[in-house]
Amino acid sequence: MQALFIHGMGRTPLSALPMLARLKSKGLQPGTFGYATAFHDFGTISQRLAGRIAEMADKGDYILIGHSLGGVLLRAALPTLPAGTRQPAHVFLLGSPVLPSRLARQLRDNPLFKVVTSDCGQLLASSERMAGIATVARTTSIVGTRGVTGKHSPFGSEANDGVVALSEARAPWLTDEVQVPIIHTLLPSSPRVADIILQKLEEDAQAAQPVA
């Protein structure tokens with residue numbers, strides 16, 4: 001089983017090295033996809049990601065793991081794959097918003113935010129554009145709950161990971177949701193997250209076994 005990790009905005013593939021090492025130790029073949037939001041728009045990045053996914057699909061079964069914006073990118077890329085392309089065995093979204101991000105909305109007019117995040121940051125703040133991102137079958141949302149709450153938090157009393165609120169990572173089409181007491185930045189490097197992924201793959205394997 002191949003595994004492709006797509007990092008979040010402002011991060012790099014290095015952010016998931018501990019998790020990917022854990023997956024590799026259990027027999028998976030991990031890979032990463034990198035991008036820079038300051039230099040390319042969302043459509044260009046998702047198109048390049050689709051090409052990478054198609055290459056993986058030609059080699060056999062695979063899973064996709066997207067952190068934050070990485071999850072949005074993979075959801076946009078999958079519907080553009082050539083007809084007949086093998087679909088992922090499972091998709092894992094790590095703190096990835098499926099609704100517009102309130103932090104992106106608060107920051108979208110900030111000059112520094114606009115320079116660093118460019119079109120991708122504007123997409124995260126847009127209700128219309130986020131609504132146009134595809135839903136994906138067999139998807140597990142792994143969401144952090146270690147963010148600060150209270151009157152000084154942008155999320156008020158709502159559970160969050162410091163960047164994404166729980167409600168922003170929820171949707172009826174998701175297969176399941178797993179909450180972990182981890183902040184947004186540390187989700188990709190967490191051994192606990194790696195073990196959740198392995199557990200879900202084991203459950204998939206058991207479900208696929210023929211009934212005696």
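This is a predicted model: local features need pLDDT of at least 70, side-chain atom pairs count only at pLDDT 80 or more; totals for chains, interfaces and linings use all residues.

Residues are numbered from 1 along each chain as its sequence is written, and side-chain values use heavy atoms, leaving out hydrogens and water.

**The sheet**
- Six strands form an open sheet in the order β2-β1-β3-β4-β5-β6, with parallel pairing; strands (E, at least two residues) and helices (H or I, at least four) are DSSP runs numbered from the N terminus, and two strands pair if DSSP finds at least two bridges between them.
- β2 (29-33) and β6 (176-180) are the edges, each with a single partner strand, so one side of each has no neighbour in the sheet.
- On average, neighbouring strands are turned by 20° against each other, direction ignored.
- β4 (residues 90-94) and β5 (residues 139-144) pair over four bridges in the parallel sense, and L94 stands opposite I142 in β5.

**Helices across the sheet**
- Helix α1 (residues 17-25) lies across β1 (2-6), β2, β3 (62-67) and β4, and runs at about 155° to β2; angles run from 0 to 180 degrees between N-to-C directions, with axes fitted to C-alpha atoms, for helices over the stretch in contact.
- Helix α2 (residues 42-59) lies across β1, β2 and β3, at about 170° to β1.

**A buried lysine**
- K200 sits in helix α7 (residues 191-208).
- With a relative accessible area of 13%, K200 is buried (under 20%; exposed is over 50%, partly exposed in between, with a 1.4 Å probe and protein chains only).
- Not counting residues up to four places away in sequence, K200 touches H90, F92, T140, D176 and V178, where contact means heavy atoms within 4.5 Å.
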